[in-house]
Amino acid sequence: MTELRVVLAEDHYLVREGTRRLLEASGEIGVVAAVGTADDLLDAARRLRPDVVVTDIRMPGSPDLVRPGMEGIDAAHRIRATSRDIGVVVLSQFSDALFALDLFRDGTEGRAYLLKDRVGDIDELLGAIRSVAAGGSVIDPKVVEGLLAKRGVRDSPPPAELTPRELDVLREMAHGLSNGGIARALHLSVSAIEKHVNSIFMKLALENSPDTHRRVAAVIAYLGPR
């Protein structure tokens, strides 16, 4: 298996070194740089052309380059704008969906938003890194659950929106389940799930595009602020 080349950005030295060692111990990741500022992250991404950058949401950074408190997300936007072959994983202590929606504002391809406690679950972090390296997307299930709760999805939506069953499918989709996994969770046939998924895409006007991961985009489009 070819190692994925990763640039890691985290301003706390002990957290940065601990995360680096976890990633490298997996045998799947080569950390080509570990930096502590948003400026150094942008420089390392430009010079080293990694497969993926993994960055904390908040780091020191020049005010003319990034928004205070959003340094990791702003760096991710800059990297994706100039190097679409570099995936980005933003690690955040904030489950507020507005931060995740900001990361996905220009598209979902090659982006992931995970809560920082996922660092301890190396398989989940590795899964996100592999996904964005391949052009996919990941949004932390806890963030999705918060969005679902805020929208009160247990209430019946208007006829023009998603049906209760489609919302059930969307909830399972947000947790990363395949159509087969959703079918097992909801005790339905795979063909029925496929119909519901296609209906969700149609209602949310999500066209099949190589630049959009429609399953993540569906979660964001419906659950984001109106």
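Predicted model: local features only at pLDDT ≥ 70, side-chain atom pairs only at ≥ 80, totals over all residues.
Thr55 sits in strand β3, which spans residues 52-56. Thr55 has a relative accessible area of 1%. Buried means under 20%, so Thr55 counts as buried. Setting aside residues up to four places away in sequence, Thr55 touches Ala9, Leu41, Gly72, Val89, Val90 and Leu91.

Next along the strand comes Asp56, also in β3. Asp56 is buried too, with a relative accessible area of 4%. Its contacts, again not counting residues up to four places away, are Ala9, Glu10, Asp11, Gly72, Leu91, Gln93 and Lys116. An unreviewed UniProt entry marks Asp56 as "modified residue: 4-aspartylphosphate". That label comes from the record, and such annotations may be inferred rather than shown by experiment.

What is the size of the largest nonpolar core, and which residues have the most contacts inside it? This core has 49 residues, and Leu41 and Tyr113 have the most contacts within it. Helix α2, residues 38-48, gives the most to this core, with 5 residues. A second core is separate and has 18 residues, including Leu23, Leu91, Ala128 and Val132.

Beyond its neighbours within four places in sequence, Leu41 is in contact with Val7, Ala9, Val35, Val53, Thr55, Met59, Ala75 and Ile79.

Glu17 is in helix α1, residues 13-25. Its relative accessible area is 14%, so Glu17 counts as buried. Glu17 and Ala34 are 17 residues apart in sequence, and their C-alpha atoms are 8.0 Å apart in space. Asp74 is in helix α3, residues 71-82. Asp74 is buried at 9% relative accessible area.

Move on to the loop between α2 and β3, where Arg49 is placed. Arg49 is not a glycine, yet its phi is positive, at about 50°. Is Arg49 buried, exposed or partly exposed? The relative accessibility of Arg49 is 39%, so Arg49 counts as partly exposed.

Helix α8 covers residues 179-186 and helix α9 covers residues 190-203. Their axes are 9 Å apart and the packing angle is about 110°. Angles of 65 to 115 degrees count as roughly perpendicular, so α8 and α9 are roughly perpendicular to each other. Which residues make this contact? From α8 come Asn179, Gly180, Ile182, Ala183 and Leu186. From α9 come Val190, Ile193, Glu194 and Val197. By type, the residues of this contact divide into 6 nonpolar, 2 polar and 1 charged.

The loop between α8 and α9 holds His187. His187 is another residue with a positive phi that is not a glycine, here about 60°. His187 is exposed, with a relative accessible area of 72%.

Helix α7, residues 164-174, brings in Arg165. Arg165 is partly exposed at 32% relative accessible area. Apart from its neighbours within four places in sequence, Arg165 is in contact with Leu186, Leu188 and His196. Leu186 also takes part in the contact of α8 with α9. Arg165 and His196 are 31 residues apart along the chain, and their C-alpha atoms are separated by 7.9 Å.

Step back to the whole chain. How many helices and strands are there? The chain has 10 helices and 6 strands. Of its 226 residues, 50% count as buried. Take the contacts between residues at least 6 apart in sequence: 63% of them join residues at least 24 apart.

Key
Residues numbered from 1 in each chain as written. Heavy atoms only, no water. Core = buried A, V, L, I, M, F, W, Y, C linked by side-chain atoms within 4.5 Å. Buried < 20%, exposed > 50% of the residue type's maximum accessible area, 1.4 Å probe, protein only. Helix = DSSP H or I, 4+ residues; strand = E, 2+ residues; numbered from the N terminus. Contact = heavy atoms within 4.5 Å. Axes fitted to C-alpha atoms, helices over the stretch in contact; angles between N-to-C directions. Parallel < 35°, antiparallel > 145°, perpendicular 65-115°, else oblique. Nonpolar A, V, L, I, M, F, W, Y, C, P; charged D, E, K, R; others polar.
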